[in-house]
Amino acid sequence: MSTHTVSGADRLRADDERPEAPAAGGMKAVGGVAGWLDDRTGAAKPVGYLMKKVFPDHWSFMLGEVAMYSMIICLITGTFLTFWYIPSAGQVVYDGSYLPLRGVTVSEAYRSTVDISFDIRGGLLIRQIHHWAALMFIVALSVHMLRVFFTGAFRKPREINWVIGCILSMLALVEGFAGYSLPDDLLSGTGLRAAEGFMRSVPVVGSYLSYFLFDGAFPGEAIIPRLYSVHVLLLPAILVGLFVAHIGLVFIHKHTQYPGPGKTNDNVVGFPVMPVYAAKAGGFFFIVFGVTVLISALVTINPIWAYGPYDPTAVTAGAQPDWYMGFADGALRLLPGWLEFTAFGFTFSFNVMIGAILLIPVMYGLMAVYPFLERWVTGDEREHHLLDRPRNNPTRTGLGVAALTMYGVLMFASANDLMAIKLGLSINDLTHLFRLGFFVFPVIAFWVTKRICLSLQRRDRDLVLHGRETGRIVRTADGKFFEQHEPLDEYTRWLLVQHDRQEPLQLTAGTDEHGVASPTARKDKVRAALSEFYFKDRIDPVTPAELAAAHHDGHALEAIEEAPHEEAARPALESSHRKPGKRP
């Protein structure tokens with residue numbers, strides 16, 4: 001290591017201001033282009049704001065990124081497939097390289113899909129990447145929504161974003177169904193035939209709806225090009241638009257974060273988009289892409305050449321829809337036949353329509369309105385940027401697990417025939433079991449989940465008050481024995497006491513001072529009853545008074561009496577545990 005000593009003329013010029021070195025040619029050109037664009041668009045300020053936006057760092061936040069990257073992979077691979085796919089039901093004779101099908105009359109859609117698989121270089125891999133990425137998209141989107149629900153990330157001001165996510169998830173199911181119907185093989189054709197029957201179950205207008213969509217009697221030649229337009233143009237445009245709106249609202253509202261030291265409702269602790277988060281997100285995209293390609297290269301999916309072309313007179317043995325439509329198929333199998341009847345000269349097939357037509361919009365409709373229902377029941381009008389620990393909201397967590405249990409029953413019911421064959425059981429007995437389980441299992445799951453959450457809260461409360469058990473037994477001078485406990489550090493303690501104390505809404509008399517009943521009395525009673533159900537069983541977080549009493553040496557009663565009111569003292573306890581964090 002060498003050093004340089006200033007002397008002579010250099011010493012006289014030591015304090016002179018030196019001009020900055022000129023920018024390199026490439027950077028100068030980039031700066032010039034950026035300046036030109038800013039002069040004409042004014043984009044520098046908003047782009048700079050976005051680049052400095054802070055995002056928290058937690059593995060669960062990557063679930064939404066997996067969904068977004070999977071959608072991008074679908075768009076890229078789908079563009080490749082459109083170059084060779086022919087959306088036509090016109091009949092041709094197959095003469096490609098797959099020998100078992102040579103000489104068989106097939107549709108142009110089926111032939112082009114088989115040609116992509118066997119005659120286009122890399123075509124089969126791209127087809128499988130497209131299909132696996134679509135499944136990954138729906139999986140990641142579903143798990144992401146579960147994370148949002150169980151942590152309360154849908155609360156004010158993010159209700160609109162939750163509704164957008166519900167619409168995205170529902171449209172993803174429709175997009176997936178349209179996509180796997182395009183090859184016109186025996187499996188997808190069987191699915192289309194089932195869909196045509198579902199449409200006919202709509203009272204009064206069902207037959208007209210089917211005739212309009214298929215442009216005549218099933219199967220017709222119009223459904224393939226129409227599905228193609230929906231799959232590659234209409235729904236992708238809507239999905240991309242909703243994703244842009246979703247990401248835009250994330251930037252506007254700022255990202256939620258898990259509770260921890262330095263994290264409050266007024267800041268975001270994390271990394272800025274540039275350069276840290278952008279680099280991590282870019283690398284994660286290629287990881288998702290690589291894993292999807294690896295799965296696609298090793299695991300075959302949708303081998304249409306094994307199914308053969310669609311034939312209206314045949315049905316694929318053991319035909320099952322893709323997994324994300326399994327719950328609807330299970331509902332169809334569980335609905336009783338007596339729901340079909342004739343009245344006023346019309347046949348009402350509610351045993352089909354409820355599971356096939358109504359279930360999906362009703363399910364996603366209930367999901368979409370839940371944030372508004374919870375806000376009405378709890379009376380919570382505050383903004384929330386810190387996430388809940390699921391254990392700290394036992395009723396919401398129990399409701400979520402009950403809904404998942406109900407969904408699981410329907411999923412298993414969609415395979416009741418296969419279970420009966422493989423396990424040697426009666427399919428009727430299995431159907432009766434699933435029907436009973438649809439109503440009983442969610443109630444059990446709710447009760448068990450809520451009790452587990454309350455037990456975990458009691459454990460947290462005990463940890464705060466008494467600390468961790470060390471296993472060391474101490475004997476006092478007067479001969480008494482007790483186990484020595486290790487107190488928690490302030491960061492861990494803050495995490496266990498930072499949540500709010502929740503109480504049911506108080507039921508008012510429902511009348512004014514003159515004894516006149518309030519016009520909202522009935523609604524208020526319902527709201528109070530729901531609030532009682534929501535908050536009746538609860539474990540309140542430790543208050544400063546209780547903490548002081550637990551650690552006070554022989555003066556617990558005085559400590560409780562002299563401590564301020566628990567609600568007023570909670571901010572003091574929380575602020576004593578918080579450390580300054582980064583702000584966006």
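## Pockets and helices in a predicted model

The second largest pocket is lined by 43 residues, of which F177, A195, F198, M199 and M325 lie nearest its centre. This is a predicted model: local features need pLDDT of at least 70, side-chain atom pairs count only at pLDDT 80 or more, and totals for chains, interfaces and linings use all residues. Residues are numbered from 1 along each chain as its sequence is written, and side-chain values use heavy atoms, with hydrogens and water left out.

**Terms for pockets**

- On a 1 Å grid over the protein atoms alone, a pocket is an open set of points with protein on both sides within 12 Å along at least five of seven lines.
- Lining residues have an atom within 4 Å of a point.
- Grid points are joined across faces, edges and corners, and a volume is the space filled by probe spheres set on the points.
- Helices (H or I, at least four residues) are DSSP runs, as are strands (E, at least two), numbered from the N terminus.
- Ala, Val, Leu, Ile, Met, Phe, Trp, Tyr, Cys and Pro count as nonpolar, Asp, Glu, Lys and Arg as charged, and the others, Gly among them, as polar.

**The second largest pocket**

- Its volume is about 1300 Å³.
- Two or more lining residues come from each of α7, α8 (186-200), α9 (206-214), α10 (223-253), α13 and α14.
- α8 gives the largest share, 9 residues.
- The lining has 31 nonpolar, 7 polar and 5 charged residues.

**The largest pocket**

- The largest pocket has a volume of about 1600 Å³.
- It has 45 lining residues, and M363, M367, A403, L404 and M406 are the closest to its centre.
- Elements giving two or more residues to this lining include α6 (123-150), α14 (350-378) and α17 (427-466).
- α14 gives the most, with 14 residues.
- By class, the lining holds 39 nonpolar, 4 polar and 2 charged residues.

**Transmembrane regions**

- The unreviewed UniProt entry places the feature "transmembrane region" at several spans, including residues 162-182 and 394-413.
- Such annotations may be inferred rather than shown by experiment.
- Residues 162-182 are 95% helix and 0% strand, with end C-alpha atoms 31 Å apart.
- Residues 394-413 are 100% helix and 0% strand, and their end C-alpha atoms lie 28 Å apart.

**Cysteines**

- The whole structure has 0 disulfides (pairs of cysteine sulfur atoms within 2.5 Å).
- C166 is buried, at 2% relative accessible area (buried is under 20%, exposed over 50%, partly exposed in between, with a 1.4 Å probe and protein chains only).
- C453 is also buried, at 5% relative accessibility.

Notes: 1 Å grid on protein atoms, 1.4 Å probe; cavity = no way out; pocket = protein on both sides within 12 Å on 5 of 7 lines; lining within 4 Å.
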